[in-house]
Amino acid sequence: MAFGIRREELIEWKRKASNGEIAFITHFWYDPRFPDCDTVTKVGCSNVKALISWGKQYGLKEEWIHLRKPYPHFDLLGEKQAEILQKEGKQSQLLKLKKRNHVP
């Protein structure tokens, strides 16, 4: 279940991903399989080859891609999520949610 994103953010993520750009969106998320994770970042791109290539630099495996049309994507969780967002200069997405949730 996803929450904590604005419609405009989702529209922009879809636009970028559809245009073959590597697109990031981070939102609150709950899944009982991952009780220690309260956010997820979806990194999507309609160009699966570009997404595979992007993921390799971070040790992400091709088989981890959710091949959901029209927005194939990786789900980033936990420490790997924070690491990649920082390296990509996108840590503000995660920090925004943590501030909203009053997490130190």
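This is a predicted model: local features need pLDDT of at least 70, side-chain atom pairs count only at pLDDT 80 or more; totals for chains, interfaces and linings use all residues.

Guide: Residues are numbered from 1 along each chain as its sequence is written, and side-chain values use heavy atoms, with hydrogens and water left out.

Visitor: How many disulfides does the structure hold?
Guide: A disulfide here is a pair of cysteine sulfur atoms within 2.5 Å. By that rule, the number of disulfides in the structure is 0.

Visitor: Is Gln 81 buried or exposed?
Guide: Buried means under 20% relative accessible area, exposed over 50%, and partly exposed in between (1.4 Å probe, protein chains only). Gln 81 has a relative accessible area of 2%. With that value, Gln 81 is buried.

Visitor: Which residue forms a salt bridge with Lys 42?
Guide: A salt bridge is a side-chain nitrogen of Lys or Arg within 4 Å of a carboxyl oxygen of Asp or Glu. For Lys 42, the closest N and O atoms of the pair are 2.8 Å apart. The partner of Lys 42 is Asp 75.

Visitor: How many residues apart in sequence are the parts that Lys 42 and Asp 75 tie together?
Guide: Strands (E, at least two residues) and helices (H or I, at least four) are DSSP runs, numbered from the N terminus. Lys 42 lies in strand β3 (residues 39–44) and Asp 75 in strand β4 (residues 73–76). The pair therefore ties together parts whose separation in sequence is 33 residues.
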